[in-house]
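How do the helices in this model pack against one another? Look at the structure below with that in mind.

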Amino acid sequence: MANEEQRLISAAQAGDLDSFNQIVRLYETRVYNLCYRMLGDADAAADATQDTFISAFRHLANFRGGALKSWLLRIATNTCYDVLRTRKRRPSVSLDKEPDDEGNRLDLPDPGASLDELMLQQELSGAIQRGLADLPEDQRIVIILSDIQGLAYEEIAHITGVQLGTVKSRLSRARAKLRDILRAGELLPLKFRLDDETNT
């Protein structure tokens, strides 16, 4: 896979658009999900994903090796920060609106799950998204990269451009705050609230 990815990168850097489109197909789901979790809006996430790959194409000649995934996610993170800064200057979308169901269209369900399990997963995903929206942006991005994207601390530090210790402390605060938000607001699906009460 690494050799094939490098071949695609080299070909794309030489101007082969088809090779770049293959790179897009490899990473568009991961990039979209990061953007959706950061922005909480399907349309904004789709636009940010498109902007991420346009920027990546324009700057691909400057890519000097390393993990392409990290490079793309760093561009996506910066793109999301730009969107959030624009929202603060002239908020045209209510930040309090609930995320739309369409936003999870690229979250892959468990193919072996029952209908009840799928509905519960969707409900839990929505509750987590509403909790994420209440986190500060610097905490939101690290918990998305760690607990949703599954990246290592070192990779998160590279993507966000902060020290490893800062990543760990932000992640610890984000997890604690998200847990408090979910419990205090009773945003968790009933099954999880009951399990939580049983275990306390």
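## Basis

The model is predicted. Two packed helices are described by the angle between their axes and the distance between the axes.

## Helices α1 and α2

Helix α1 spans residues 2-13, and helix α2 spans residues 17-39. Their axes come within 8 Å. They cross at roughly 135 degrees, which makes α1 oblique to α2. The crossing of α1 past α2 is left-handed.

On the α1 side, the contact is made by Glu4, Glu5, Arg7, Leu8, Ile9, Ala11 and Ala12. α2 contributes Ser19, Phe20, Gln22, Ile23, Leu26 and Tyr27. By class, this contact of α1 with α2 has 8 nonpolar, 2 polar and 3 charged residues.

## Helices α2 and α6

α2 also meets helix α6, residues 137-148. The axes of α2 and α6 come within 10 Å and cross at roughly 145 degrees. Here the crossing is right-handed.

From α2, the contact uses Leu34, Arg37 and Met38. These meet Glu137, Arg140, Ile141, Ile144, Leu145 and Ile148 in α6. The contact of α2 with α6 divides into 6 nonpolar and 3 charged residues, with no polar ones.

## Helix α7 and its end

Helix α7 covers residues 153-160. Its buried residues are Glu155, Ile156, Ala157 and Ile159.

Conventions. Residues numbered from 1 in each chain as written. Predicted model: local features only at pLDDT ≥ 70, side-chain atom pairs only at ≥ 80, totals over all residues. Heavy atoms only, no water. Axes fitted to C-alpha atoms, helices over the stretch in contact; angles between N-to-C directions. Helix = DSSP H or I, 4+ residues; strand = E, 2+ residues; numbered from the N terminus. Parallel < 35°, antiparallel > 145°, perpendicular 65-115°, else oblique. Left-handed = near helix turned anticlockwise from the far one by under 90°. Contact = heavy atoms within 4.5 Å. Nonpolar A, V, L, I, M, F, W, Y, C, P; charged D, E, K, R; others polar. Buried < 20%, exposed > 50% of the residue type's maximum accessible area, 1.4 Å probe, protein only.
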